[in-house]
Amino acid sequence: MEIQILGPVEVVSDNGVVLIPRRQGKLALGIMALEANKLVLADRLTDLLWGDQAPARARAVLQSRISELRLALSEADMQKSVRLATKPGGYLLEIDPMLVDAHRFRSAVEVANVRSTPQDETAAVLRHALDLWRGPVLGGWLPDSSQEIVSQALESARLSTIERLYEVELELGHNALAAEELLDHALTHPGRERLTELLMLAQHRSGRTAEALQAFDRCRRWLSTELGIDPGSALQDLHLAILRNDQSSTSAAIELQGSSYTSALPTGDFRPRRPETLPPGPIDFIGRRSEVEQLRVVLGRSGSGHTTPLAAICGPGGIGKTALALHVAHLAAPNFPDGQLYADLHGASGAEAADPHQILSRFLRAMGVDAPPTSLDEALDLFRTLTSGRRLLVILDNAYDAEQVLPLIPGSHSSAVLVTSRIRQHLLPASTTIQLDVMDAEDAVELLARVAGPSRVRQEPLATDEIIKLCGQLPLALRVVGGRLAMRPHWTLERMVGVLAHEHNRLDQFRDGGLDVRSSITLSYQGLDQPLQQLLTATGDLQVHELSVWQTAALMNQSLDEAEELLDQLFESQLVGVHGRELTGHARYRMHDLVRLFAQEQAARITGSTEANSARQRAFGGWLAIVETMHRSAYGGDYQTIHGSAPRWTLDRLLTDRLSRHPLAWFETERQSLLAVVRRLAELGATELLWDLACTASPLFQMRRHFDDWETVLDTALASCRANQDIRGEAAILYRQGGLATDRRDHAQARALYIQAKTIFDAIGDLQGQATMAAHLAMLDRFEGDPQAALAGYQTALPGMRDSADHAGEAFVLRGLGQAYQDLDDLERADHYLRQALDTCERHGIHRAAAQARFWLGMLRIRQQRFQAAQEMFAVVLDACTQLGDRPGEVQALRGIGLCYHHMGEKTLAASYLQDAHRRVVQPRPTLLEGFIRKTIEEISKDDRPAEAARDPR
């Protein structure tokens, strides 16, 4: 048998390919086969299999895949040749390495490198080794970061083997064969200059000199465009020799192996010094275990390939990039005996970024050059010459962009480079880029304990957790707070929580000597273009945590594409992170809490300016417009809502059309931002806009059962209306508060609120408001067991609803009449009014009210003992409400189906549906709907005929 991993993972036994059911099982086997007879930690397997997308129970999933793998190997009767053992902390694949193609490849290469082997045999062995490759290692199926870790060394060995093969073929005189076969390799790997050298030599010797010169030009242009460098001296020497038709030079080219001129070296008895400019490592370094391991792996590749290993650590200010880089650099320093070079490139703001020529001069002086060249090109030549063949570690801290970094990369693959930057360095030729995030909670606790004192942290665990939250788990903020606590041993951690709790001066608390969170964020802010500074400030003025593309378009008065471009630039500058996606496919962006506080400080400086007021009005107008759109989409129209005259801001039509297909999903995404906007409107005294927004959003809160948030919004709006004497707004909010009280089964409170609202609507002559209050008071009469009073109230409300063209209100009243007649056992009239309600809804496209009317027709069919017809109606209601995301509607439909099954003698099914309905409706505080579900469950549990027409909030 054998395990093939140089390509898609396959296990081949004497009976054929072994079926391994899942890809992750194959990949786990491949990773362990690479480490044959060595323990592979479970954490490492998890990291490699899923990267940063690991499922919530990754360890359990991994155990399941290992079990499946064992079963597959067992069924293939392979226990004698391979054994998969579980060990403490991980797994061990016991196998003869020569059964794994990757190990056979390495063994063959070692055999070929024995110098006594004849050249033709060497070529045959190398070709056999390369024939083992069927594609990327493990099929290239791992996440990108994992694929690099697993495959880079093998891929580098493969390319080196290809180069060795064609060196041998050229020595054997097989020039035409080499020219044909090398072309694809050189095109695929333009950065491997040795491949281009060999191709040029083969083409030149085959009489294809023009093609050889084209190959050089192609490589030169790629190196210049992608890396900003020139070809190495070996390639340039060969190019010149071909131009001159210098046969001796082209014959010697096979042996060049990347040698270069030394003409840039200082003359005399110059001997380079061993530079040691690395600053001390952080004494309180905590966590970042996986990142440390990744970086050590990358730095450990120095000398194993033909390119200089380069790793980049990116992240916002204060996240711990420098601490991580220095920690890893000190761990790796013994592997770089020729020294370490460190430079702070001052790239945080961009304006003061260090000049690469100045840094090169510093590096050269550290290496013993007393008078570095005055031109950048000469300094660059000298630096590459001095670093050629040496094992140096270069740390480039706080880089601004790739142009600043590229000249500082050593001229030898035996060295390694580690870069940190606040800018996402996607243009760097980095073999690994680590995007650093805030510390996890456990490491944050350890850091605070190490700085402030472990006993204090142990004594106040709740205060510790709150401090970590208020610091946003940012290492710099934690170090500052920990340092301040260490200087104040008489302070409790609870006292520090009190100091940090006030947002308006929290950033002041994150300053201690040279450590200052505000200054760190300021550097990033100063590096932004003016429109980006304006956007950050305007977002701070709104005081929201998340930024959507549509909100940004409103703030900046721009198109969606322009707004998305600005947000992406903020993302690249590490001032916002991506936090999920919109229903439109656009990313959602989120500010770290401390960046948000900084943005609010910037906004406070321009409060009252024309620019700030205009941005604010557009944004708030956009919020009101989009909430109206979602309300209309959920209800089928803008009904049963009292509006004010605050200005709206017109949003992109295509965007709102796409969002409105899933109005309640949009509401869930934006709910926290909506709450922040409500708070901000109250602070600004924008009362009419506030109460209109609160009134319009209320049904969305109700449909998604967010009663506490709903109450907060309404209380905030009512206080603003009363403070600013907006009586119409006060009546509108009282009406919505009555609905909330009704849902919470507080009928006395609901009646009092409806009466207060009606009094105001009567006084100002608001016809729609009067009719709406009459209808809701009638609904309370029905809930309280007085259907005759309910009939009178509904009849009073009906003309007003029709006169104000509130079609949903009209359907609500017609449905109420049907329910009241049902309570009175007048089933014929009940059917008449319920059908009218349904017809009204379908005629005007009022989807939710249509589902409510159809539900009550289903309840009527139960009373008529037409159980099959009722069940069909409830099924339609369930489907409609599920698509809409209407939780109360779903619950009522489940309740109706349960009742149908009960009456048809299917007791188990009935109980199942009703228990599901109850599970979905439970709230921390009892609600009206929950009460009806529980009552129904109690009734059928007695196996009595239930009161099918139980009064209901719908």
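The axes of helix H23 (residues 530-542) and helix H27 come within 10 Å and cross at roughly 65 degrees. This is a predicted model, in which local features need pLDDT of at least 70, side-chain atom pairs count only at pLDDT 80 or more, and totals for chains, interfaces and linings use all residues. Residues are numbered from 1 along each chain as its sequence is written, and side-chain values use heavy atoms, with hydrogens and water left out. Helices (H or I, at least four residues) and strands (E, at least two) are DSSP runs, numbered from the N terminus.

**The H23 and H27 crossing**

- Axes here are lines fitted to C-alpha atoms, for helices over the stretch in contact, and angles run from 0 to 180 degrees between N-to-C directions.
- H23 and H27 make a right-handed crossing; a crossing gets that name if the near helix is turned clockwise from the far one by less than a right angle, and is left-handed if anticlockwise.
- On the H23 side, the contact is made by Gln534, Ala538, Asp541 and Leu542, where contact means heavy atoms within 4.5 Å.
- H27 brings Glu611, Ala612, Ala615, Arg616, Ala619 and Phe620 to this contact.

**The parallel sheet and its helices**

- An open sheet of 5 strands, with parallel pairing, has the order E8-E9-E10-E7-E11; two strands pair if DSSP finds at least two bridges between them.
- E8 and strand E11 (432-435) are the edge strands, each pairing on one side only.
- From one strand to the next, the twist averages 10 degrees.
- Strand E7 (residues 310-314) runs parallel to E11 and is joined to it by 4 bridges, and Cys314 stands opposite Gln435 in E11.
- Helix H13 (residues 321-332) lies across E7, E8, E9 and strand E10 (416-421), and runs at about 165 degrees to E10.
- H14 also packs on the sheet, where it touches E8 and E9, and its direction makes about 150 degrees with that of E8.

**A look at helix H14**

- The buried residues of H14 (residues 356-366) are Pro356, His357, Ile359, Leu360, Ser361, Phe363 and Leu364; buried means under 20% relative accessible area, exposed over 50%, and partly exposed in between (1.4 Å probe, protein chains only).
- These buried residues pack against strand E8 (340-344), helix H15 (376-387), strand E9 (393-399) and helix H16 (402-405).
- After H14 comes Gly368, with a positive phi near 105 degrees.

**Aromatic pairs**

- The whole structure holds 11 aromatic pairs; rings of Phe, Tyr and Trp (its six-membered ring) pair if their centres lie within 6.5 Å, and planes under 30 degrees apart count as stacked, over 60 as edge-to-face and the rest as tilted.
- Phe105 and Trp133 have ring centres 5.6 Å apart and planes at 85 degrees, so this pair is edge-to-face.
- Because Phe105 lies in helix H4 (residues 101-112) and Trp133 in the loop between helix H5 (119-131) and helix H6 (144-171), the pair ties together parts that are 28 residues apart in sequence.
- Both Phe105 and Trp133 are buried.
- Trp550 and Trp623 form an edge-to-face pair, at 4.9 Å centre to centre with 70 degrees between the planes.
- Trp550 lies in helix H24 (residues 549-556) and Trp623 in H27 (residues 610-635), so this pair ties together parts that are 73 residues apart in sequence.
- Trp550 counts as buried at 2% relative accessibility, and Trp623 counts as buried at 0%.
- Ring pairs link Trp550, Trp623 and Trp666 into a cluster.
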